[in-house]
Amino acid sequence: MGHSRSEKAKTHKRIVSIASKKFREEGLAGVGIAELMKEAGLTVGGFYKHFDSRNDLVAEAVSSAFGGWKRRVEAAASGGRPVSLAKLIDDYLNAAHRDDPGTGCAFSALAPEIARSDKRTRALSTEQVRNDVQLIAGLIPGRDAHAARSQAILTFSALVGAMSLARTVSDEALSREILKAVAELLKNLASPQRVVNSP
């Protein structure tokens, strides 16, 4: 008996969610389709009922990891907790994010592999980088648009790079020092921050 559309959509979403986490933890090449489908409680043969290719799954899984900052800013604009650039920096450059790549930023976990991915994954990633840079630029006060965008590019690059390095080194003290130093430098560069509050 066939699955209903809603059941198929739920299963599809579950596969993407599992893949998104596993790819960020183990890398795009580090996880096979059989392993992902087994974790989802499905057979390998069922994969092609949901995806035309592994590249399609990679694109969806990477894309599903995007948008966390945007959701936070939208929640703040709807009366939620205020968001500042300093808060985004602190929430990004910390040991909890470093130690849990499966739920964290796709760029700090996968940037080199995304760079070698197919056109669709790279296009989705390109759009997300644009969105993140624009969001950061909007949190930088008192700068003209060009200066804010340049600072936002620097900030985003430093966040991703610092997290990547903090995960790379085996020395815990050095890892924490990288996170702390980059966070302090970025916050000093951005001070005073513009806070996004509810309207």
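Leaving aside neighbours within four places in sequence, D91 is in contact (heavy atoms within 4.5 Å) with R72 and H97. This is a predicted model, in which local features need pLDDT of at least 70 and side-chain atom pairs count only at pLDDT 80 or more, while totals for chains, interfaces and linings use all residues. Residues are numbered from 1 along each chain as its sequence is written, and side-chain values use heavy atoms, with hydrogens and water left out.

D91 lies in helix α5, helices being DSSP runs of H or I with at least four residues, numbered from the N terminus. Its relative accessibility is 30%, so D91 counts as partly exposed, the class between buried (under 20%) and exposed (over 50%), with a 1.4 Å probe and protein chains only.

Helix α5 (residues 85-92) packs with helix α10 (residues 172-190) at an angle of about 170°, their axes being 10 Å apart. The two are therefore roughly antiparallel, a term for angles over 145 degrees. In this pairing, L85, A86, I89 and D90 of α5 meet A183, L186, K187 and A190 of α10. By class, the contact has six nonpolar, no polar and two charged residues.

The largest nonpolar core has 52 residues, and F23, L57, W69, Y92 and L93 have the most contacts inside it. Helix α9 (residues 145-168) gives this core its largest share, eight residues. Beyond four places in sequence, F23 touches L28, V31, L36, R54, L57, V58, A61 and L110.

The average pLDDT, the predictor's confidence from 0 to 100, is 92. Over residues 193-199 it stays under 50. Where pLDDT is low, the predicted coordinates should not be read in detail.

Terms used
Core = buried A, V, L, I, M, F, W, Y, C linked by side-chain atoms within 4.5 Å. Axes fitted to C-alpha atoms, helices over the stretch in contact; angles between N-to-C directions. Parallel < 35°, antiparallel > 145°, perpendicular 65-115°, else oblique. Nonpolar A, V, L, I, M, F, W, Y, C, P; charged D, E, K, R; others polar.
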